[in-house]
Amino acid sequence: MTGIDVEHPAGRREQTKAANRAAILTAGREVFADIGFGAASVRDIVRRTDLATGTFYNYFPDKESVLRALVNEISGEARRRVQAARHRAGTLEEFVTSGFRVYLEVLAEDRVTFDLLRRNAGTIRTMFDDPAVGAGTEELRADLDAGIASGAVPAHDTELMAAAMVGAALEVGVRVVEREPPDVDGAVDLLAGVFLAGLERLK
């Protein structure tokens, strides 16, 4: 039998643990979006669940670990969708533009996520050294290398280019979510214009 056997005690425990963790993350997302990381407490998060305060500490040591888990969750979803968009691209322009567009749309499309990122932009910026961000850079570098091998992307230092593109997207993304309304189209045009011009000059 595959998956978790919820009829078995161990299966039920795993299901409960997953549900509890999800409840804490959902509550944390709402609290950080509503009042901000700095003003929030563990008690504020627990109040939005049906769990006891002690149960919270079975899953997270503090509120920062909740925010970091949320950032990793958002980053993971963004990376998955951005990479899929790049793989569907048929031209260099589509490769560059679609990656930036999908990333910024992920940040802006869900209101709670948008408010979470906007209200806590400064705190989240300090987490840019997280492995989830590094993984996105390595994925982009691999895609750039594959593009060079196929002849679709001009040869260049892909390590530096991937770092530059991800760094620019992160910083511009912070600015986009700080604005009301967020100008995703304008940000995509700016980012794509800068990096397409640079890549075109390498041909």
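**Contacts and salt bridges**

Reply: Let's start with Thr158, which sits in helix α9. Keep in mind that this is a predicted model.

Me: Is Thr158 buried or exposed?

Reply: Buried. Its relative accessibility is 5%, and the cut-off for buried is under 20%.

Me: What does the side chain of Thr158 make a polar contact with?

Reply: The side chain of Asp145, at 2.8 Å. Leaving out residues up to four places away in sequence, Thr158 touches Arg141, Leu144, Asp145 and Ile148.

Me: Stay on α9. At what angle do the axes of α6 and α9 cross?

Reply: Roughly 110 degrees, with the axes coming within 8 Å. Angles from 65 to 115 count as roughly perpendicular, so that is what α6 is to α9.

Me: Which residues make the contact?

Reply: From α6, Phe114, Leu117 and Arg118; from α9, Val176, Val177 and Glu178. By type, four are nonpolar, two are charged and none is polar.

Me: New topic: Asp44. Where does Asp44 lie, and is it buried or exposed?

Reply: Asp44 is part of helix α2, residues 42-47. At 19% relative accessibility, Asp44 counts as buried, because the limit is under 20%.

Me: Which backbone nitrogen lies 3.0 Å from a polar atom of the Asp44 side chain?

Reply: That of Ser41. Asp44 also touches Val31, Ile35 and Ala39, not counting residues up to four places away in sequence.

Me: How many salt bridges does the structure hold?

Reply: 19. One of them pairs Arg48 with Glu30, at 3.8 Å from N to O. Arg48 is in the loop between α2 and α3, while Glu30 is in helix α1, and the two are 18 residues apart. Arg48 is partly exposed at 41% relative accessible area, and Glu30 is partly exposed at 31%.

Me: What about Arg68 and Glu64, how do their side chains meet?

Reply: In a salt bridge, 3.5 Å from N to O. Both residues belong to helix α4, four residues apart, about one turn of the helix. Arg68 is partly exposed at 26%, as is Glu64 at 37%.

Me: And Asp185 with Arg101, which helices do they lie in?

Reply: Asp185 lies in α10 and Arg101 in α5, so the pair ties together parts 84 residues apart in sequence. Their salt bridge has an N to O distance of 2.8 Å. Asp185 is partly exposed at 46%, and Arg101 is partly exposed at 25%.

Me: Which residues do shared partners join into one network?

Reply: Glu77, Arg80, Arg81 and Glu109, through salt bridges that share partners.

Conventions. Residues numbered from 1 in each chain as written. Predicted model: local features only at pLDDT ≥ 70, side-chain atom pairs only at ≥ 80, totals over all residues. Heavy atoms only, no water. Axes fitted to C-alpha atoms, helices over the stretch in contact; angles between N-to-C directions. Parallel < 35°, antiparallel > 145°, perpendicular 65-115°, else oblique. Contact = heavy atoms within 4.5 Å. Nonpolar A, V, L, I, M, F, W, Y, C, P; charged D, E, K, R; others polar. Buried < 20%, exposed > 50% of the residue type's maximum accessible area, 1.4 Å probe, protein only. Polar contact = N/O pair within 3.5 Å; in protein donor to acceptor, adjacent residues only side chain to side chain. Salt bridge = Lys/Arg side-chain N within 4 Å of Asp/Glu carboxyl O.
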